[in-house]
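Hi everyone, thanks for coming. Please have the sequence and the model open while I talk, and let's walk through a few spots together.

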2 protein chains.
Amino acid sequence: MREKFTQSDIQAMEKRKRTNLINSLSGYKSANLLGSVNNEGQTNLALMSSVFHVGANPALVGLLIRPHSVPRHSLENLIEQQCFTLNVVTESIYRQAHQSTARYPREQSEFEAVHLDVEFSDVINAPYVADSPVKTGLSVVETQTLSVNDCVLVIGEIVEISLDKALIANDGHLDIASANTVAVTGLDEYHLGQSLGRLPYPKPE
Amino acid sequence: MREKFTQSDIQAMEKRKRTNLINSLSGYKSANLLGSVNNEGQTNLALMSSVFHVGANPALVGLLIRPHSVPRHSLENLIEQQCFTLNVVTESIYRQAHQSTARYPREQSEFEAVHLDVEFSDVINAPYVADSPVKTGLSVVETQTLSVNDCVLVIGEIVEISLDKALIANDGHLDIASANTVAVTGLDEYHLGQSLGRLPYPKPE
């Protein structure tokens, strides 16, 4: 049985239901913890589900920060320092990652609040999550406020990668599932991945 | 054991290895088929792994189209028609979805080439994938070329949703995993999701 919603159905929907539905529509989302620090050395951690690939050469990553959501401290920090980290979330830390989205006061580091250890970088002034198996350090290339709803699009260039050696294949592909990496759907459901394998490069028959 | 890569390691890496690695870094990506049509009624289908949530009210979705990749026909079509569809990819169609990224000639519809049935919308001039359990129809709100690498950022507003009624919870959340929806990692690995459950709304302790 199919259920259909028109644009006016969506607009008339109760707010919480609309938020859950619209956040669920596109499917699985990557779960990454964004690490940053302010000028006073106060670290900050924020869970991001909108990280996307922009390009491999130069190595660019994009993410969207919501205007009224918790990671505003992250946004201020990454603009101040012009750098940040992304740390892939696994089964062993996803509850802490989810908890990091609570509205902690500015003077409290989410690293301490949710008991995740900091690992500092030699290259950039931003903290990694020690327990993440895939850590990326980025310098800010561009930030841009979207006119449609004041979200901020951040583009970062990858300047450092630190990963578990066991995950990387000879051709550079990472076996993310074997690290028990999680994906998010909607606002609050987490998933492990069960690999269906890799497919060959497609050519017209 | 950890492996580290500096910015110059990344730049010096063999092209294919760099492409695989950088595409793998952020974790799981949603797999959506973008449906579009041109002024002559020729349908087009393209697999997108960069769809991200932009906002719930208005209901906005973003995606990035690579400058030199196959979906240029999709980009031309969605600019022409100012609309497109997104169709969540499941286990039963992921091989066809992957095959749709082959470089078919412009005059051949990927729907026909990979044997996926078209379902037309009453609301917008864009084709759905009949076999997808979660279909979203969007009108184009904004297209913008990123100065960093000529990727095109497309923002769409959701004007129609069609989904399997069994997937939607009372609070609007979709049980994506039960529909055998797949996620992508890197360029070519596909995964089913195994739910770890939903977590409660987080509050500071």
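Let's start with T181(B), which sits in the loop between β11 (152-164) and β12 (182-185) of chain B. Strands here are DSSP runs of E with at least two residues, helices are runs of H or I with at least four residues, and both are numbered from the N terminus. A word on the ground rules: this is a predicted model, where local features need pLDDT of at least 70 and side-chain atom pairs count only at pLDDT 80 or more, while totals for chains, interfaces and linings use all residues. Residues are numbered from 1 along each chain as its sequence is written, chains are lettered from A and ligands numbered from 1 in the order in which they are written, and side-chain values use heavy atoms, with hydrogens and water left out.

Is T181(B) buried or exposed? T181(B) is buried, because its relative accessibility is 1%; buried means under 20% relative accessible area, exposed over 50%, and partly exposed in between, with a 1.4 Å probe and protein chains only. Leaving aside residues up to four places away in sequence, T181(B) touches Y28(A) from the other chain's list of names, along with V88(B), V89(B), T90(B), I176(B), H191(B), L192(B) and G193(B). Contact means heavy atoms within 4.5 Å.

That brings us to the two chains. In all, 104 residues of chain B are in contact with 104 residues of chain A. Together they bury about 9600 Å², 56% of it on carbon and sulfur atoms; buried area is the accessible area (1.4 Å probe) that two parts lose on being put together, summed over both.

How many salt bridges are there between chain B and chain A? The count is four, a salt bridge being a side-chain nitrogen of Lys or Arg within 4 Å of a carboxyl oxygen of Asp or Glu. One of these pairs D188(B) with R198(A), with the closest N and O atoms 2.8 Å apart.

Now the cysteines. Over all chains, the structure holds zero disulfides, meaning pairs of cysteine sulfur atoms within 2.5 Å. For C151(A), the nearest cysteine sulfur is that of C151(B), 19 Å away. C151(A) is buried, at 0% relative accessible area, and C83(A) is buried too, at 5%.

Last stop: helix α2 of chain A, residues 15-24. Seven of its ten residues are buried, so the helix is largely enclosed by the rest of the structure. Among the buried ones are R18(A), L21(A) and I22(A).
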